[in-house]
Amino acid sequence: MPPKQKNELYKESARKKDVRTSNIEAAKAVADAVRTSLGPRGMDKMVASPNGEVIITNDGATILQKMTVTQPAAKMLVELSKSQDVVAGDGTTSVVVICGALLKKCQELLEKGVHPTIISDAFSKASAKACEVLESIAIPVNMEDREALIRAANTSLSSKVVSQYSSLLSPMAVDAVLKVMDPARPAMLDLRDIKVVSKVGGTIDDSEMVDGMVFDQKAAKSAGGPTRMEDAKIALIQFQISPPKTDIENNVIVSDYNQMDRVYKEERNYILSVVKKIKASGCNVLLIQKSILRDAVTDLALHYLAKAKIMVVRDIERDEIELISKTLGCLPIAHVDNMKPEKLGSAKLVEEVEVGKGRVVKITGIENKGRTATVLLRGSNKMVLEEADRSLHDALCVIRCLVNKRFLIAGGSSPEVQVSMQLAHWSKTLQGMESFCVRAFAEALEVVPYTLSENAGLNPINIVTELRRLHAAGEKYAGINVKKGTITNMLEENVVQPLLITTSAITLATECVRMILKIDDIVPTR
Ligand code: ADP
Ligand code: MG
């Protein structure tokens, strides 16, 4: 047999080809499912779960996460949008759409007989080059420039169900992030320092940023305890105010009234001693962590606490402890013997107030307030409220992106067209298969303007060709003005987005495609 020629076209065994094709087909199907929700004129999805829960959302990551996907390669796309959510927080639809377009190009290349490894390597190079191009057209942004940050948040919110409230939500997102950011250590920014409390009732317009802290729960007042406390001394406790339980399950047999009385007395004395210690520390507001071991607080304890004029907020979640102690400047107390005045936090006012249909506990005028922020979101129903929460999260992530990488680029698909054009140009300097693959990569990126205009009800072919022409003529910020249905300079329209979102979308999508390409078999396990 003659030795294989190096340039001989690649032929796969039928089975390997089948696996790869079916993987690509499945992944493309997932990408197609979210395609229509890209951009400000994109559609929203109603996600219905078997237990009757309904979610309305436009967020790619949320749609995919809720989708029942079983095909392994399709699952990779779900993971892809999840990782974009972690890295950038926005652009979760774009990343999947780009990945789908790249996969389609792969299919064409494979059919023409290009080896998967060659495609994979060329795509990797192309994605690195794409990031370079993006960096070259990026505009530096200053953290002091609040207007620019708000514009970026606006772009992110413009595609959401709650977009009409962006004039309220965007400044809120910007202010919240600036509040929790430590200017000396911006890299340590943690969005968990922003507490979002959602309350049904009213409209999103009634949402506000609270200077202080808000708890979703009411004050405990079954025993007639106070619901308002001025000059509060707040203790955050992790121990229970209830009779201790034995470790193992056992029974105490009570045979006469005397013994019964003794049991009650013991319990009363125990609780009384705990309450006395709490009172002695000067505490007048008690935040009690939820407990799974035993009742965090009993009715009897509430009674004594009410008598001691101590306001009680129950059911504080374990994962909120850190945020609360940071905000109030208090330390969590794990045992009643550690109730020391120096561990308490102080605030001017703790008060239960009515919000919408429910009640919340508000703490204002906190002394030594830590770097945290609280947003009280309002909405007329649960679905809107949940989507508002997700949208606000996206906006917060956009600002976080800008803190981490302080560059903006124009939106409305202008970066994708610019990159596509420059890559096509660059491919001419390359040779052979590589050039061919880079060119395919460049063409795949045009899926973004194509889809954006399709979703906006415009003629995609006209728009894409016109964009190509303008970019070739040096208009590097020309993009689709979805609202007016024309092509304009996106910077002048104030449609800007963080550089990080687009670079990470292209890099992650390419990585995912390369991974899918390299798989030639699925091995089921038991
Ligand atoms: P993702 O989940 O990927 O963020 P979106 O539905 O938010 O998806 O759409 C993002 C795309 O919409 C980006 O390409 C962005 O540039 C574009 N876009 C956002 N706002 C506008 C606008 N006002 N005009 C034109 N394009 C916009
Ligand atoms: Mg978005």
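How many residues surround ligand 1, and which are the closest? I examined this in the predicted model. I counted 21 residues around ligand 1, and the closest are Asp 90, Thr 93, Ser 94, Ser 159 and Gln 497.

Entry 1: I sorted the residues of the shell around ligand 1 by type. Six are nonpolar, 13 are polar and two are charged.

**Entry 2: polar contacts.** I then looked up the atoms that face the oxygen atoms of ligand 1. In the side chain of Gln 497, an N or O atom is 2.8 Å from an oxygen atom of the ligand. From the backbone, an N or O atom of Gly 39 lies 2.9 Å from a ligand oxygen. A polar backbone atom of Thr 92 is 3.4 Å from an oxygen atom of ligand 1.

**Entry 3: the site.** I found ligand 1 in the largest pocket. Helix 4 (92–111) and helix 6 (146–158) are the elements that give two or more residues to the shell around the ligand. Helix 4 provides the largest share, three residues.

**Entry 4: helix 10.** I turned to another part of the chain. Is helix 10, residues 321–328, mostly covered or mostly uncovered? I recorded that six of its eight residues are buried, so to speak of it as mostly covered is fitting. The buried residues of helix 10 are Ile 321, Leu 323, Ile 324, Ser 325, Thr 327 and Leu 328. After helix 10 comes Gly 329, and I noted that its phi is positive, near 70 degrees.

Technical notes: Residues numbered from 1 in each chain as written. Chains lettered and ligands numbered in written order. Predicted model: local features only at pLDDT ≥ 70, side-chain atom pairs only at ≥ 80, totals over all residues. Heavy atoms only, no water. Near = heavy atom within 4 Å. Polar contact = N/O pair within 3.5 Å; in protein donor to acceptor, adjacent residues only side chain to side chain. 1 Å grid on protein atoms, 1.4 Å probe; cavity = no way out; pocket = protein on both sides within 12 Å on 5 of 7 lines; lining within 4 Å. Sits in = over half its atoms within 2 Å of the grid points. Helix = DSSP H or I, 4+ residues; strand = E, 2+ residues; numbered from the N terminus. Nonpolar A, V, L, I, M, F, W, Y, C, P; charged D, E, K, R; others polar. Buried < 20%, exposed > 50% of the residue type's maximum accessible area, 1.4 Å probe, protein only.
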